Amino acid sequence: MDPVSFRIGNILVGNPDDDAAIEIQTYPFEAEILRAGRFAVTGAGRARLDGILLPAFWSGFVRVGQVLSIAFGPTGVRSYLCAAGGFDVPHVLGSRSTQLRGGFGGFQGRELAEGDEIAIGRPSNPDILDMPDYGVGLPSVELSSPCNRQETHLIARAVPGAEYALFTPEARALFWSTPWTITQLSNRTGYRLAGEALSLTGPVEMRSHGVLPGVVQVPPAGQPIVQMVDGNTVGGYPKIAHVIDADMWRLGQASANQTVRFVWVSYQEAIAASEEVDAYLDSLRLRLSRFVSATRVARL
């Protein structure tokens, strides 16, 4: 749900971007360490190791018998626990993710439960284990904000959708100008938004077609739905907009009853925003590589 925090966590422990992590959205979370190694906690939660509060976006070394706990943080709703070597779960359809609705992938195709034991793979960079503790700044600070810092609503940049022209001029203006409330019916599949109904210029009959995360569909009732990471692969509702990839991590940290406002950007601006995120993550990996190298040389 928050791909930026997920990727930062893997960078902090020297993993490839796609190594498996634990995504936490139910608190409190607690894990007992059964094998010494390096870990990282990123995202929204407050982490403690044996009761000692850790900084946000932090990586450290853990020993057998220590207890890592994560509780709700001041902002956002999802946290990421990464381990050097990645969590050892099987590849299914080219992924280690869990498909909860289908009941496959990840750890036995389900949410984690008390008593579960998850193995950790072999670290791709053993030098990472001997490093001192370290961390990075918050991505919400490091990455340029799509809005004024005083904005009271979550801002999500978007481009017009394929059926944008089928909505009335009033509906199009309303979509961009009004804050939308994320309802309690929202989940990993989609965020159902509440606000004034959006109207089409006339009846529209569409065949189902492929959709992707970030697509903003409008069912007949006129209340938008943003497809999220576990969203449908096909849909037949008209699409008024598409949230840009660079802002999906911000939506992924949103909670029910939070308000979101959409901001129109051009295709070129959407590409530039994605390039900024990629450049930021690449710079973190390069800085960590240099840090590891310098530390190893200092010990020689």
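1. Start with the pairing: strand β3 runs antiparallel to strand β8 (residues 79-83), and five bridges join the two. Within that pairing, Ala-40 sits opposite Cys-82 of β8. Keep in mind that this is a predicted model.

2. There's a partner in β6 as well. Strand β6 (residues 58-62) is also antiparallel to β3, and five bridges link them. Here Gly-37 faces Val-62 across the pair.

3. Now for burial. Buried here is under 20% relative accessible area. Seven of the seven residues of β3 (residues 37-43) are buried, so the strand is largely enclosed by the rest of the structure.

4. Side-chain directions are worth a look too. In a regular strand the side chains alternate between the two faces of the sheet. In β3, Gly-37, Phe-39, Val-41 and Gly-43 point one way, while Arg-38, Ala-40 and Thr-42 point the other, and all of them are buried.

5. Two or more lining residues come from each of β3, β4 (46-49), α2 (139-142), β12 (154-160) and α4 (248-252).

6. Which element gives the most to the lining of the second largest pocket? That's β3, with three residues.

Definitions and conventions:
Residues numbered from 1 in each chain as written. Predicted model: local features only at pLDDT ≥ 70, side-chain atom pairs only at ≥ 80, totals over all residues. Heavy atoms only, no water. Buried < 20%, exposed > 50% of the residue type's maximum accessible area, 1.4 Å probe, protein only. Helix = DSSP H or I, 4+ residues; strand = E, 2+ residues; numbered from the N terminus. Pairing = 2+ DSSP bridges.
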